[in-house]
Amino acid sequence: MKLASSFGLFTKPNLTCFHSLFKFYCDTKYPKQTLLLFRELLESNAKPNELTFALLLKATASSVNLKSVKAIVEANQIRTHLIKSGIGQFIHVSTALLDLYAKLGCLNIARQVFDDMRDRDVVSWNALISGFSRNGYDLDALELFVQMCRKGFGPCRITLVSLVPSCARHGLISQGKSIHGFGVKTGLDLDSQVKNVLTSMYAKCADLEAAEGLFEQMVDKSVVSWNTMVAAYGQNGFFHEAMLIFKQMRTESVEANSVTLVCLLSANANPDSIHCFSVKTGLINDFSVITSLVCEYARRGNSTSGEKLYKSLPEVNLVPLTAIMSSHAEKGNILSVMQYFAQMQQLDMKPDHVAMVSILHGITDPAHFHIGLAFHCYSFKSGLSTDILVANGLISMYSKFDDIEAAFSIFSEMHEKTLISWNSLMSGCVHSGRSSDAFELFCEMKMSGHSPDSITIASLLSGCCQLGYSQFGKKLHSYVLRNNLEIEDYVGTALIDMYTKCGKVEYAERVFKSMKEQCLATWNSMILGYSLCGLEHKALSCYCEMREQGLVPDKITFLGVLAACTRGGLVEEGRMYFRMMREEHNMGPDLQHFACMVDLLGRTGLFEEALILIKNMDVKPDFAVWGALLNACCIHQEVWLGEYLAKKLFFLDHNNGGFYVLMSNLYAIKRRWSDVAKVREMAREIGNDFWSANSIIEATSLEFRRHE
């Protein structure tokens with residue numbers, strides 16, 4: 001049955017009746033029905049006029065799926081009817097058409113429609129400026145505004161509301177201030193909508209003082225104004241202030257809406273509290289609120305609450321589903337990820353690049369490597385592998401599993417290589433022990449026109465640690481200083497780590513003292529560095545100084561402290577810190593901590609205590625723990641115990657050359673040359689010669705200096 005007759009309102013449809021139905025469908029959010037109704041209108045031989053097309057274009061523009069190919073085809077069909085009927089000459093119809101194309105993202109066609117208009121008004125200019133601004137063409141929007149003024153058209157408040165968001169980034173803040181000045185000069189800044197967009201612009205440019213000033217000037221603050229200020233504080237990391245402004249809003253009896261809650265969740269508000277508030281106020285039924293709550297629960301690792309809330313959604317949506325899947329991926333729950341991915345497939349939903357990157361980052365267990373390969377295949381089939389973020393995620397995944405050749409293959413196929421792509425591959429090379437390749441990549445990157453950032457420097461410094469390239473490390477340090485890169489957090493920590501591992505403790509101390517504020521990782525690096533260089537007392541003093549600064553140690557801190565005690569033979573101190581770790585800080589020692597303690601006790605000849613410690617371990621001792629005790633046997637020439645430990649180590653990992661070398665050395669100390677020969681023969685039988693070694697000589701290259 002046809003739509004027009006199905007209402008029973010008229011037997012012979014006329015244009016007025018069709019217009020009434022157009023308005024009805026548009027107001028009731030059923031814009032797709034208007035296209036069917038338009039076809040019926042043409043079949044009924046009723047002649048559409050300018051109002052018909054204006055209503056039709058408005059309905060189509062309010063469609064929910066504007067980015068589809070079908071929507072663009074429908075827009076082209078409407079445009080054809082306009083040209084054939086000659087109705088396109090009406091300004092308001094052409095304006096509605098260019099607005100539709102702008103919302104579809106077809107800016108070239110929108111501009112063509114605009115250029116073809118014989119007459120234009122302020123609304124036409126506003127529609128085009130808004131289209132360019134909304135689609136991210138900020139400079140084009142600003143240029144159109146200048147042209148509009150030169151043509152003699154006076155901008156109105158809608159013009160500024162459409163244009164100001166284009167200036168909401170640091171590079172265009174001066175243009176934003178100029179537009180603000182224009183608004184003050186013309187009196188347009190008195191409008192609340194203009195004030196709101198200006199406040200938002202300043203907040204996004206991190207000028208909170210200007211944003212606060214505008215907010216305070218508002219006489220009548222609407223809920224939009226309050227939401228803008230909540231978002232402003234949240235975007236700039238002032239979460240406490242965001243909550244205070246929300247409380248002030250409630251004090252002044254302004255009712256919160258769905259946008260308020262979404263802004264609060266973005267400002268790191270407690271999702272449980274916002275959830276309760278949304279239930280009390282009835283906003284829990286809003287789709288955007290539910291989606292934001294699901295995403296926030298998932299981001300905080302509370303997948304259970306997120307999943308329960310997700311099931312209450314009236315319709316499935318990719319955003320919350322991706323958030324839940326990402327939460328499971330972050331925890332390493334790959335089976336749950338697979339279940340949700342299968343659900344997406346069943347619902348005929350296509351995961352986007354965000355979902356794919358989240359999945360790839362979650363694949364960290366070598367047992368799940370085959371799943372990573374499967375997702376690589378899927379991304380290749382679906383075309384997602386061409387996305388830069390997905391390609392970077394694939395490079396990182398392969399690097400984690402030391403499959404650098406696959407990572408290089410993906411990198412070579414990338415059409416556009418961003419700095420993140422270079423960094424991902426360089427980091428992967430260092431992680432896989434192929435630092436020389438990382439340095440070669442660095443030179444290639446410089447030649448391609450990319451300048452290194454702090455991530456690049458940190459990765460290369462780690463490579464210097466592997467190869468002992470202290471001279472190259474110094475050049476990187478000089479580059480950091482010359483280019484005013486921040487020597488904070490990971491760059492400073494990487495520099496300290498590099499200098500200490502290359503035996504340059506005095507340089508590490510200079511870097512440490514030059515940092516404005518040392519984080520826990522920096523202190524840990526300094527403690528471990530002192531331990532490595534045999535400066536155990538400095539390491540312990542560094543620990544005490546760190547505690548005086550109010551920092552709480554973690555497991556890495558205690559690993560450095562115990563290593564210092566081991567190097568210096570400080571048994572009592574080692575026992576004290578090991579006990580402190582367990583009792584005062586409630587930390588369960590890892591295998592590395594146990595290996596340090598066994599090494600400390602063994603080196604001082606306390607074999608019985610070391611064996612008791614191993615016996616009472618709450619985790620199964622690994623090769624490092626038993627190896628530490630075997631090393632102590634070599635020091636104290638305990639052959640009988642050494643042979644017992646060698647058997648254990650053989651069954652743990654007979655391919656590991658460490659115990660072959662230790663047993664060979666132990667027998668050699670006792671001059672049991674026949675046993676030395678047997679051990680070496682056993683090593684050769686498994687296809688290894690653990691007594692051969694390489695020496696690395698650092699040759700200073702001009703390559704880095706050439707590309708600085």
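Start at the lining of the largest pocket, where the residues comprise 8 nonpolar, 6 polar and 5 charged. Keep in mind as you look around that this is a predicted model. The pocket holds about 400 Å³ of space. To find its centre, select Leu528, Leu532, Leu559, Ala563 and Cys596, the closest to that point of the 19 lining residues. Next, colour the elements that each give two or more residues to this lining: α30 (489-501), α32 (520-532), α34 (555-568), α36 and α38.

Stay with two of those helices and select α36 (residues 591-603) and α38 (residues 623-636), which pack at an angle of about 15° with their axes 8 Å apart. Angles under 35 degrees count as roughly parallel, so α36 is described as roughly parallel to α38. The crossing of α36 past α38 is right-handed. Show side chains on the α36 face of the contact, including Leu591, Phe594 and Val598, then on the α38 face, with Val625, Leu629 and Ile635 among them. By class, this contact has 10 nonpolar, 3 polar and 2 charged residues.

Now move to the second largest pocket, with about 340 Å³ of space. Select Thr95, Ala96, Asp99, Val123 and Ala127, the closest to its centre among 19 lining residues. Helices α4 (50-61), α6 (91-103), α8 (122-134) and α10 (157-163) each give two or more residues to the lining. Which element gives the largest share of this lining? Highlight α6, which supplies 6 residues. To finish, colour this lining by class: 8 nonpolar, 6 polar and 5 charged residues.

Technical notes
Residues are numbered from 1 along each chain as its sequence is written. This is a predicted model: local features need pLDDT of at least 70, side-chain atom pairs count only at pLDDT 80 or more; totals for chains, interfaces and linings use all residues. Side-chain values use heavy atoms; hydrogens and water are left out. Axes are lines fitted to C-alpha atoms, for helices over the stretch in contact, and angles run from 0 to 180 degrees between N-to-C directions. Helices (H or I, at least four residues) and strands (E, at least two) are DSSP runs, numbered from the N terminus. Angles under 35 degrees count as roughly parallel, over 145 as roughly antiparallel, 65 to 115 as roughly perpendicular and the rest as oblique. A crossing is left-handed if the near helix is turned anticlockwise from the far one by less than a right angle, and right-handed if clockwise. Contact means heavy atoms within 4.5 Å. Ala, Val, Leu, Ile, Met, Phe, Trp, Tyr, Cys and Pro count as nonpolar, Asp, Glu, Lys and Arg as charged, and the others, Gly among them, as polar. On a 1 Å grid over the protein atoms alone, a cavity is a set of points where a 1.4 Å probe fits but cannot get out, and a pocket is an open set with protein on both sides within 12 Å along at least five of seven lines; lining residues have an atom within 4 Å of a point. Grid points are joined across faces, edges and corners, and a volume is the space filled by probe spheres set on the points.
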